[in-house]
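Please open the model in your viewer and keep the sequence at hand.

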Amino acid sequence: MTRIRRFLTGLWPTRLMGQTVLLILIALFSAQIISALIIRSEAQDFYRGAESRFIAVRIAPIAVLMNDMPADQQDRIAGALSNRRLHVWMSDTPVVDRDDDDRDDERENGHDDDDHDDDHGRKSLASRITSELGDDIKGPVHVFRLRKDDDDHHEHGMPAHMRAAMQNSGMPGGPDAFRHDATVVSIGIAPGRWMNAALQSRPPQRLIRPDAWITFFITAVVISIMVIIALLRITRPLDALSGAARKLGRGEEVAPVPEEGPADVRDAIRTFNEMQHRLRTFVNERTKMLASISHDLRTPITSLRLRAEMLDERDTAESMIATLNDMQAMIEATLAFAREEQSGEPTRPTDLGGLLDAIADDLVTLGHQVEVDAGESVTYPCRALALRRALSNLIENAAIYGHQARVGLRMQNGAPEITIEDDGPGIPAGEMERIFEPFVRLDPSRNAETGGTGLGMSIARDIIRRHGGDIALANREGGGLRVTVCLPAAGNEN
């Protein structure tokens, strides 16, 4: 059952256009079937009435003809009038007698009224035949109506004497030749002389004829084309809006989306453009304020450093200078981040393997141990300078605190995945999320070479998330930390 559900789920379109077209086709097909069932039901009612009139008009003239013919020629004429659907023969006793009439009547009364309408029943047909005979024949008319579905049940099938009489009449195949409903009539044309006729009904019509399928196909194609054209007017602006929203979520500069499509879609696009403008204005103002504060703090920090150097107590002076250096490093990191936010770097294809090699070469030059294993060449659309800054922070942390950084690049389901492993002490499970908070340093050292500013991890995750990805931390078995950088597939990047 689960496999069937998965198979059906896989067939269901994921896009708005595909779902709409498929639903319309399903509705059109359902309407075609329902219409066919209604038309067939009405046609059956009409056909039964027409069939009754046809039998009366067909058989009555034959009976009149037989009545006018000499007895010795009646059998020959009956054989000449017989064909594939109609078999006529003469007999001394009626094939359908009154007991058969009563039995047929009881059989009809035992069925639903919808299936045996009185207008199509035995009595109605007998009355029609009598009316067509007029004054030429005054003999009784007996009718037996055989329904093929009843013939498969012995209690409702053709009586044995009737079957035997039809077999002896020379009817090709006998009553077994009936493939559909049939009517057997016995008309008394003279004392001791009966004309019998067995008429097979026409086969039931198909529920949906082949030409109806052609009409359905043409209608479905025309409607699908019209729906696709109408949906394109909706989906194109929505696709543009979706792409702009993804870029905005990654911090990219996004041009206003053209206001196209229906009124409600245009309203949504207009609202998005207004939101984007306000958000960009808010971020720029906050970034400028942050940059201004950081820049203005340089002067008092420099002044304090000069005063600290003039102190006579060298221990106190060195402690103050170390603190001021930490503050200066924080300010420089904040200014660098603010400048990067305001740079508006465009997205362009970048060789991730080459980017990682360049970062490793710089760190090796500084005396760190870094190894890069790029399993395959990966060209990825990104903001290269920002991504380099994020990866540099992560790899440098691994090299400093884990003594050695091993960097790997792999593709997972069409998306690049970068792993950074070290041999350090790892991070306590309760501190995994806290390490990404600004100015948080797990190393208690105040030395800038080991403690850092506490912004590296926060900036790295912010940049990665602006690219649509994320960072995951996990302690390795046997010691060390594994940092996993997952970026979205290139198709989801634009």
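The expected span of a helix is 1.5 Å times one less than its number of residues. With that in mind, select helix H12, residues 384–401, in this predicted model. H12 has 18 residues and reaches 25 Å from its first C-alpha to its last, close to the 26 Å expected. Colour its buried residues next; among them are Leu387, Leu391, Leu394 and Ile395. Beyond H12 comes histidine 403, whose phi is positive, near 70°.

Proceed to Asp312, Glu313, Asp315 and Glu318, which gather in a patch of negative charge on the surface. Aspartate 315 belongs to helix H10, residues 314–343, and counts as exposed at 66% relative accessibility.

The salt bridges come next. Select arginine 406 and aspartate 423, which form a salt bridge with their closest N and O atoms 3.0 Å apart. Arginine 406 lies in strand E8 and aspartate 423 in the loop between strand E9 and helix H13, so the pair ties together parts that are 17 residues apart in sequence. Both are partly exposed: aspartate 423 at 38% relative accessibility and arginine 406 at 22%.

Which residue forms a salt bridge with arginine 461? Select glutamate 433; the closest N and O atoms of the pair are 2.8 Å apart. Arginine 461 lies in helix H14 and glutamate 433 in the loop between E9 and H13, so this pair ties together parts 28 residues apart in sequence. Arginine 461 counts as buried at 13% relative accessibility, whereas glutamate 433 is partly exposed at 48%.

Finally, select arginine 466 and aspartate 462, a salt-bridged pair lying four residues apart in helix H14, about one turn of the helix.

Methods: Residues numbered from 1 in each chain as written. Predicted model: local features only at pLDDT ≥ 70, side-chain atom pairs only at ≥ 80, totals over all residues. Heavy atoms only, no water. Helix = DSSP H or I, 4+ residues; strand = E, 2+ residues; numbered from the N terminus. Buried < 20%, exposed > 50% of the residue type's maximum accessible area, 1.4 Å probe, protein only. Patch = residues over 30% accessible without salt bridge, like charges linked within 9 Å, V, L, I, M, F, W, Y side chains within 5 Å. Areas by Shrake-Rupley, 256 points an atom, 1.4 Å probe, with all protein chains shown as cover. Salt bridge = Lys/Arg side-chain N within 4 Å of Asp/Glu carboxyl O. Lys, Arg positive; Asp, Glu negative; His and termini not counted. Charge placed at Lys NZ, Arg CZ, Asp CG, Glu CD.
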